[in-house]
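Work through these exercises with the coordinates open. Each task is followed by a stepwise solution.

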Amino acid sequence: MRGEVSFRSKSLSDYQLKMMFIMPTIILLIVMNIFPLLWSLVLSFSDYSAINSQAPDFIGTKNYIRIFSQKATWSYFVTTAYFVVLAVAAQFIIGFGLALLLNREFQGKGLITTLMLIPMMLSPVVVGLFWRFILDSSWGLFNYLLSLGPAVLHKITAALHFPSGIVSWFKDAASNARGIIWLTRPKAALFSLVIIDTWMWSPFMMLLSLAGLSAIPKYLYEAAEIDRASTWFKFRHITFPLVAPLLLIALLFRTMDAFKLFDLVYIATAGGPGSATETVSMNLYRRAFQDYNTGESCALAYILLIFIIALSNIYIKYLNKAKGNA
Amino acid sequence: MKRSLKIYIPLFVCLMALLIVIGCAKKETTLTLVWAEWDPANFLVELAKDFTEETGIKVVVDPIPWGQFETKVFTAFAAKSDTYDIVIGDSQWLGRGAEGGHYVELTEWMKTTGLDKSMSPKALKYLGEYPKESGKYYAVPAETDCNGFAYRRDLFEDPKEMEDFKEKYGYDLAVPETYTQMKNIAEFFHRPDAEPPLYGIAMWLGKDYDAITMGFQQVMWSFGGSYGDPKTYKVDGILNSDEGVKALEFYVDLAKFTPPGSENYYWNECLTAFQQGKVSMAMDFFAFFPGLLAEDKSPYADSTGFFAAPGQVGEDGEFRRYISMGGQGMSISSYSKNKEAAKQFINWFCKPKNQLKWAKLGGLAASSQVLESEEFLKMNPFNPAFVESLKYVRDFWAVPEYAELLQRCQTNWNAAVTGQMTAKEAMDKLAKEHEEIFRNAGYYDK
């Protein structure tokens, strides 16, 4: 007993021990997260360029006013919103659909699931680079694949002596498919980014959906079977409500991520043609690291942060509601 | 206790001896150069071996991919990092480098060494001088480059093509001397329905970095347009003048004879399009032309010719010819701890015998003596066109705000070639945006 007392008196108290474990993390958080966050808030109210040797000059809300008064800023938000809505919706539909297909026992299920997850494991820069080649209108694989069907049908119809109108229609269709310009036409460019992002992130949606689907107790379906419930009824009243909280989490992650989209745009279109694919994050990068308007870029970053927090709160509200219902 | 002393004392003595030896050892100087990741950086690694042999100073070249080059260098400057001793940066960086205090002023040193006289005046002006016409230098030309054109001699010299061309346009098919002729040639060879398809021209239209700006500005200057008044920084009414608008209309028209999807073309895409035989002419920097002469890369290597960018007769009847400056100059970082060694290297690099070695490796020299030599002219089939081009070079704004100005050019001109706005709308919008940048930077308060 005496020995134990003397040990305690010489060594650390429980509180000190706790602090010893916590402090490195707290210090790291303060240095790497909290201080930069607060400092960038200060800079957002300053005229400051990281490249100049001048100290930040406090200018109040001028940076925010300048950003909001630029018409272009709003167009970047609209572009980003279009992208977020289209990409997240496509990823949700494809990802959840794939999860429903994979949520059953069949041979090679593990292998197929693993293969489907590969796109989300790749670096966005790599994905952007190879999709840039795939979507190239001169030598890209995408147009070639699109033209393959009409080209084969053209050959078949020509060999079988179909009416010349049908034969030439397939020929034209193949030729048109080969000439689709994806990345350098204003409307097609944003759509191309949606395709790339959907290819990359639908597996993520699929993974979370699959986790949710496999967690649904089997007895619920058995009970529904006994009651002779239809497939739609089972989906509507069992599957969807029980998987909804996880789906909302997946949607939350993807929305936040899609709102910050930068790397794919940077590599695939550089915000072009013109400013057709200039997302807010891409513009933020330009202001921060090309124009070196550090103060202004910090202000835009805070505006973006507020948008993302607001959007996340909407999701979280629905998530809590869905949890309550489930 | 005694036993532990027996162990610790010899150990302590050994440690001290080691520290003394390390401390007394002669510190080896290593120069770190930062440059974009491209062939000339590899040539410099080769050339620098001779410098190390002569002086004992090691030279390390840090190549950075083009996309990250500018950001990485200026982030290092922002942190006042001594990582880089010599920065081989774009000519547009001069203002930002000089005004920000990141580049060492080299004026007096260049006068002492005679470098201000031995280098090509145009190359020195656009790659080293800031502000222009001030006589102050912050860089010495490293890779002197400019915009040029490659063309398919097998097409241009084909008797049938020559005959058809003459019949259609009324003059001989030859290397174009004006942009109007260039457009005729591009139109003549534009055969998208041929199998395989052939397109008139590959040119810089992309939004990446400075692609369309480098391609279009020389057309704008040749048509009589200008970025603005370099003394007052007034832009509105100058950039969007009739000449400027007509030049952009012309560039948009010329772009109709490019391969589909070429609205994102820059040097690499133009090079590839020419190597694949897709186009009859291709715009590119001279530094990339060795890629067109490599038989393993281009089946047209034997029949590739080169010419300097043409000019244009303006509505006032005056013939103007200007060519976009490319290339980079060597600047010494203010945060370097090896400034003297850096100067020694730059001086060594600029010596005519080393400039000639540089050219033989594949680099483009700036030494007047080398540029004027027969040996240089015969070294590569594109060297005569390069030397010719250097007479007409001009450059973009080299002010600290260049990146913002450049970005607006890229966005608006790319929007014009992709049909999102007319040439007039693009030039008017650009003029307003440029004036706003200058106004915010306080240029009109001075």
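**Exercise 1. Count the disulfides, then examine Cys146(B).**

Step 1. Check burial. Cys146(B) is buried (under 20% relative accessible area, with over 50% exposed and partly exposed in between; 1.4 Å probe, protein chains only). Its relative accessible area is 0%. Cys298(A) is also buried, at 10%.

The model is predicted: local features need pLDDT of at least 70, side-chain atom pairs count only at pLDDT 80 or more, and totals for chains, interfaces and linings use all residues. Residues are numbered from 1 along each chain as its sequence is written, chains are lettered from A in the order written, and side-chain values use heavy atoms, without hydrogens or water.

**Exercise 2. Find the cavities and describe the largest.**

Step 1. Search the whole structure: 3 cavities of 30 Å³ or more turn up. A cavity is a set of points on a 1 Å grid over the protein atoms alone where a 1.4 Å probe fits but cannot get out; lining residues have an atom within 4 Å of a point. Points are joined across faces, edges and corners, and a volume is the space filled by probe spheres set on them.

Step 2. The largest cavity holds about 120 Å³.

Step 3. Its lining has 14 residues; Thr184(A), Thr269(A), Lys207(B), Glu263(B) and Asn264(B) lie nearest the centre.

Definitions and conventions: On a 1 Å grid over the protein atoms alone, a cavity is a set of points where a 1.4 Å probe fits but cannot get out, and a pocket is an open set with protein on both sides within 12 Å along at least five of seven lines; lining residues have an atom within 4 Å of a point. A disulfide is a pair of cysteine sulfur atoms within 2.5 Å.
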